[in-house]
Amino acid sequence: MDFYEVIKKRKSIRKYKSDPIPDEVVNKILEAGRIAPSAKNIQPWRFIVIKNPDIKKKIAEACRGQLWIADADLILVGCILEKIAWGRMGGYMSSGPVDLGIAIDHMILAAANEGLGTCWIGAFVEQDVKDILQVPEDVKVMALTPIGYPAEEPKDRGRKDQKEIVSYDRY
Ligand SMILES: Cc1cc2nc3c(=O)[nH]c(=O)nc-3n(C[C@H](O)[C@H](O)[C@H](O)COP(=O)(O)O)c2cc1C
């Protein structure tokens, strides 16, 4: 698929078929994340792929009761290894969330290219997710997404016009 078509085609999917995703497709998606750029090429991330139905259900509950997440074939959880992330981005912040955000977006777009649905999940109770997945104390859970075959075709949700968000030569 053309790159811009993939970007346009990606939409948040909140209804999934239970069909399994072939391993080679899952692998392509994971590779898209693995080769993503990161500050100083530190790659301060860990990706957890959840396929076990009981664990998926527990994770969906930890996502503030968004139980539909567990219907997807798998759930991807993105963690930041905050201790090794570059801490001086722009002179003031950790690169960890940016690094992981780029990698997850690579994976989400790769999934869209494979005809799969995803939905970035930011509403979750981090400590609950950490407890379920035995994530070490100094590692942060930042992003989750179900990945599975879509059972809905949502309409375009619209965006601000370019003139509202872009300026040239000054703010
Ligand atoms: C950081 C972030 C957190 C989000 N958290 C949730 C969430 O917890 N549950 C959910 O259903 N959608 C969540 N979304 C999806 C957004 O609602 C969605 O991307 C937005 O409405 C635009 O729709 P679209 O993705 O179909 O273009 C999140 C998206 C982002 C980027």
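Contact here means heavy atoms within 4.5 Å. Helices (H or I, at least four residues) and strands (E, at least two) are DSSP runs, numbered from the N terminus. This is a predicted model: local features need pLDDT of at least 70, side-chain atom pairs count only at pLDDT 80 or more, and totals for chains, interfaces and linings use all residues. Residues are numbered from 1 along each chain as its sequence is written, and side-chain values use heavy atoms, with hydrogens and water left out.

**Helix pairs**

Start with α2 and α4. Ile29, Leu30, Ala32 and Gly33 of α2 meet Ala103, His106, Met107, Ala110 and Ala111 of α4. These contact residues divide into 7 nonpolar, 2 polar and no charged. Ala, Val, Leu, Ile, Met, Phe, Trp, Tyr, Cys and Pro count as nonpolar, Asp, Glu, Lys and Arg as charged, and the others, Gly among them, as polar.

The axes are lines fitted to C-alpha atoms, for helices over the stretch in contact, and angles run from 0 to 180 degrees between N-to-C directions. The α2 (residues 23–34) and α4 (residues 96–113) axes come within 7 Å and cross at roughly 150 degrees. The two helices are therefore roughly antiparallel, a term for angles over 145 degrees. The crossing of α2 and α4 is right-handed, meaning that the near helix is turned clockwise from the far one by less than a right angle.

Now take α3 (residues 53–62) and α5 (residues 126–133). Their axes come within 9 Å and cross at roughly 165 degrees. So α3 is roughly antiparallel to α5. Here too α3 passes α5 in a right-handed crossing. On α3, the contact uses Ile55, Lys58, Ile59 and Ala62; on α5, it uses Asp128, Val129, Ile132 and Leu133. This contact has 6 nonpolar, no polar and 2 charged residues.

**Ligand site**

| Protein atom | Ligand atom | Distance |
|---|---|---|
| Ser12, polar side-chain atom | oxygen | 2.6 Å |
| Arg14, polar side-chain atom | oxygen | 2.7 Å |
| Gly122, backbone N or O atom | nitrogen | 2.9 Å |

**A loop with positive phi**

Most residues other than glycine have a negative phi. Asparagine 41 has a positive phi, near 55 degrees. Asparagine 41 sits in the loop between α2 and β1 (45–50). Glutamine 43 also has a positive phi, near 55 degrees, and lies in the loop between α2 and β1.

Technical notes:
Parallel < 35°, antiparallel > 145°, perpendicular 65-115°, else oblique. Polar contact = N/O pair within 3.5 Å; in protein donor to acceptor, adjacent residues only side chain to side chain.
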